[in-house]
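Please look through the sequence and the model shown below before reading on.

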Amino acid sequence: MPDTTRRLAAIFFADIAGYTAMMQHGEQEALDKLARFKQTLEAKTADFQGNIIQYYGDACLVVFDSPVLAISCAKAMQEAWRDAVPVRIGIHLGDVVFRENNVFGDAVNIASRIESMGVPGAVLMSETVRQQIKNHPEFQLTPLGSFEFKNVGEPLAVFALANEGFAVPKRAQMSGKFKEKKPVIAHLISHKQRWYWVAGIALLTLASLLFYQKWAGRQAEIPAVEKSIAVLPFKNLSAADDNQFFCDGVMEAILNHLSRIEGLKVISRTSMDHYRNSKLTLAAIARELDVAHVLEGSVQRQGGQVRVAVQLIAAGSDRQIWSNIYDRELTDIFRIQSEIAESVAGHLKIELTPSAKATFSRQPTTNLKAYDYYLQGREQLVKYYSDRRDVLYQNARRSFEKALRQDSLLAPAWAELAMAIWMRDYLSFDSPTKASLDTVRLFCEKALSIDPKLPQAHAVLGNYYLRNKDEKRFLEEQQTALSYNENYAAAYHNLGWYYYGPKSREYEKSIRMLEKAAQLDPLSVWTPGYYQSLAIVYMSIGGFKEAEQYSVKVRELGDFSWWSPLVHLYLIQGKYAEAEALANEWKVRSPAALRYLTEIEMNYHRNYKKAIAYYQEFEQYYPEQLNYHQRFGLAYWLDGQKEKGRALLLKALEENKKEFLPGDHQRCYDEPGIYATLGDTQKALAILRDKSCTLDVGLDYYILIDPLFRNLWDNPEFQQIVRERQAEKQAILRKIRQARIKD
């Protein structure tokens with residue numbers, strides 16, 4: 001058997017444009033260019049840790065472990081070949097198979113298709129590559145649109161490297177391996193009828209042209225609701241670079257004011273960070289975010305003075321609707337922010353409610369030093385969520401505490417301090433202590449005693465109540481948060497997760513809420529969490545296609561800590577090879593992947609000793625996370641070490657009774673599985689018959705291949721129960737899919 005491995009790789013295709021014609025024109029010159037092509041390619045590939053797989057005459061296939069390395073190499077190559085060798089490059093990221101020094105898979109085909117539409121000097125890439133390099137400002141990208149390629153199922157969005165000196169193909173220049181447009185009318189009509197068709201089409205074309213000439217300047221190209229806006233990161237024009245946090249704070253305050261305007265869709269600030277230093281046009285940014293307007297500006301702070309310049313743009317036509325420059329005392333910064341928000345509302349013809357006007361007029365503090373500390377804390381907290389380094393959490397907390405020492409009535413600082421503690425507990429593997437939870441509640445209540453209309457304080461306080469099983473107060477607090485800011489994505493996510501939970505199971509409502517969160521905050525550090533939740537909900541109703549789409553988005557947008565949905569999805573479907581490849585890649589970055597590798601060894605390879613070794617390694621990293629005893633007890637049991645296995649399985653039963661809610665899958669899935677393994681079929685079936693026990697995250701499919709249940713697989717009653725459970729979920733999924741088609 002040839003040695004075969006599967007892994008994720010950046011596939012890089014390069015070829016010399018017009019090489020055949022070049023050979024006909026002058027053979028020696030063409031050979032010289034080919035020699036230089038290969039010399040540069042081999043040198044640069046080695047510099048950027050690539051692997052040349054194969055030459056195809058004047059073309060070459062190269063593989064990189066990282067999209068960043070692939071793009072960096074492509075950039076360096078094109079700079080070396082500039083004006084000397086006319087090369088096109090296409091790059092795609094995907095799952096490929098390596099066998100006998102060759103590489104196979106759809107990703108190879110896609111990369112070659114993307115390369116084929118290029119022009120000399122161009123570096124083109126797929127959307128999956130763009131997502132991986134979006135946080136690298138050294139790469140300036142521009143969208144080319146979506147294209148249908150031969151032998152590729154779905155249309156693909158393609159982007160071009162747009163750094164200075166790089167060719168960006170125009171639509172008229174593009175040719176390549178596209179799908180053929182088949183005629184669908186001509187062969188169905190008679191020769192006589194064709195004259196009517198030709199005449200009709202000519203008239204329709206003329207009418208369309210006249211309509212376009214009349215309306216093109218007035219119609220936006222963006223399919224967005226008219227009352228929608230994105231606020232781009234403001235440019236910091238201050239002499240001191242460390243004023244960036246202040247500049248971001250001004251932009252965020254304006255955005256927060258706009259978010260409280262009833263009927264105005266506003267994209268979250270954290271998503272807008274994605275466009276800092278972006279070279280995309282305003283129309284392209286608005287198209288990605290599905291908004292009709294963009295606000296951009298700059299801040300210059302010097303001594304006790306501040307200048308804020310802003311302009312409001314109709315993104316579809318790139319028309320300036322309004323602009324202004326505010327030169328004021330620094331102490332007037334809050335009034336400037338309110339005036340800008342009011343002016344935007346006025347020019348979008350939105351009438352402000354008395355509540356919104358009152359909010360705009362309220363200043364968070366008169367102490368600018370306190371405000372500075374607060375803004376620094378916000379900056380560190382966002383970084384902490386993305387980076388997970390404790391030093392960032394400590395920096396954020398210290399900044400908020402400094403702000404409160406300057407002004408103890410700065411309500412947002414109390415709210416963000418509560419958020420920091422909640423976030424730290426949420427990201428930790430340890431359950432939060434009662435003291436920690438009580439501190440969160442205390443800080444939220446303090447914030448709300450100062451400013452009762454602070455959305456983030458209501459949202460975090462709601463989470464506290466849910467943790468303490470007070471669902472009524474949870475729902476009240478989340479709805480209150482949205483009543484004060486209907487664009488607050490976090491509250492939609494909190495509600496979406498609640499409606500999915502064991503006390504609700506309102507899957508359709510859950511999906512609507514989670515989708516709303518992702519629409520309002522589509523590109524931030526929080527977004528992988530929204531997509532992860534959507535993937536989990538769809539898995540739970542058997543929507544594996546949608547679950548995979550969202551899981552892939554999670555992986556594209558998030559770091560390794562968000563990879564579990566995709567590994568889990570492959571596992572429950574019995575796609576063990578795919579699950580193993582991804583889990584092994586994940587394991588290099590985090591020992592959390594050991595949890596899945598244990599299962600793969602048991603189910604797929606049936607190497608129980610290796611599964612036990614993984615368990616022992618996992619336990620060293622996560623001694624508090626032993627609610628997986630049933631899996632590792634099963635490994636011992638299947639390995640023939642029945643007593644050790646029995647002890648762990650019984651321990652898992654005790655843990656389930658103490659730790660989890662009655663409707664959780666630990667009781668509804670793990671307990672019957674343990675009883676089944678231990679031979680108590682009747683107890684196992686009794687739990688599975690219980691209609692209050694819902695099997696989620698695809699477990700009502702995994703149950704048919706999970707060896708924890710193998711003693712029940714041939715049992716007719718077990719088979720009937722599983723069929724009924726799957727049918728119930730499929731009915732829910734059909735309803736949701738039909739609703740999506742109508743939308």
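Which residues in α2 are buried? The model is a predicted one, and in it the buried residues of α2 are A30, K33, L34, F37, T40, L41 and T45. Around the helix axis they cover an arc of only 140°, and they therefore lie on the same side of α2. The face turned away from this buried side carries the exposed residues Q28, Q39, A46 and D47.

After α2 comes Q49, whose phi is positive, near 60°.

The discussion now turns to links between parts of the chain. The structure holds one disulfide, formed by C668 and C693, with their sulfur atoms 2.3 Å apart. What does this link tie together? C668 belongs to helix α28 (residues 665–677), while C693 sits in the loop between α29 (681–689) and α30 (699–702), so the pair joins parts that are 25 residues apart in sequence. The angle about the S-S bond is -70°, and the link is left-handed. Buried residues are those under 20% relative accessible area. C668 has a value of 0% and is therefore buried; C693, with a relative accessible area of 0%, is buried as well.

Charged residues supply another kind of pairing. Side chains of opposite charge can pair when their charged atoms come close. The count in this model comes to 35 salt bridges. One of them joins R88 and D15, whose closest N and O atoms are 2.9 Å apart. Because R88 lies in strand β4 (residues 87–99) and D15 in strand β1 (residues 4–16), this pair ties together parts that are 73 residues apart in sequence. Both R88 and D15 are buried.

Other salt bridges lie within a single helix. D438 pairs with K434, with 2.7 Å between the closest N and O atoms. These two residues are in helix α15 (residues 434–450), four residues apart, or about one turn of the helix. D438 is partly exposed, with a relative accessible area of 22%, whereas K434 is exposed at 63%. A further example is the salt bridge of E476 and R473, at 3.7 Å from N to O. Since E476 and R473 are three residues apart in helix α17 (residues 471–484), about one helical turn separates them. E476 is partly exposed at 33%, and R473 is partly exposed at 29%. Elsewhere, salt bridges that share partners join R328, D332, R335, E339 and E342 into one network.

Finally, how confident is the predictor, and where does pLDDT stay under 50? The protein chain averages a pLDDT of 82, and 87% of the residues score at least 70. Over residues 180–224, however, pLDDT stays under 50. For these residues the model has 21 contacts beyond four places in sequence.

Definitions and conventions: Residues are numbered from 1 along each chain as its sequence is written. This is a predicted model: local features need pLDDT of at least 70, side-chain atom pairs count only at pLDDT 80 or more; totals for chains, interfaces and linings use all residues. Side-chain values use heavy atoms; hydrogens and water are left out. A disulfide is a pair of cysteine sulfur atoms within 2.5 Å. Buried means under 20% relative accessible area, exposed over 50%, partly exposed in between (1.4 Å probe, protein chains only). pLDDT is the predictor's confidence in each residue, from 0 to 100. Contact means heavy atoms within 4.5 Å. A salt bridge is a side-chain nitrogen of Lys or Arg within 4 Å of a carboxyl oxygen of Asp or Glu. The arc is that of the directions from the helix axis to the C-beta atoms.
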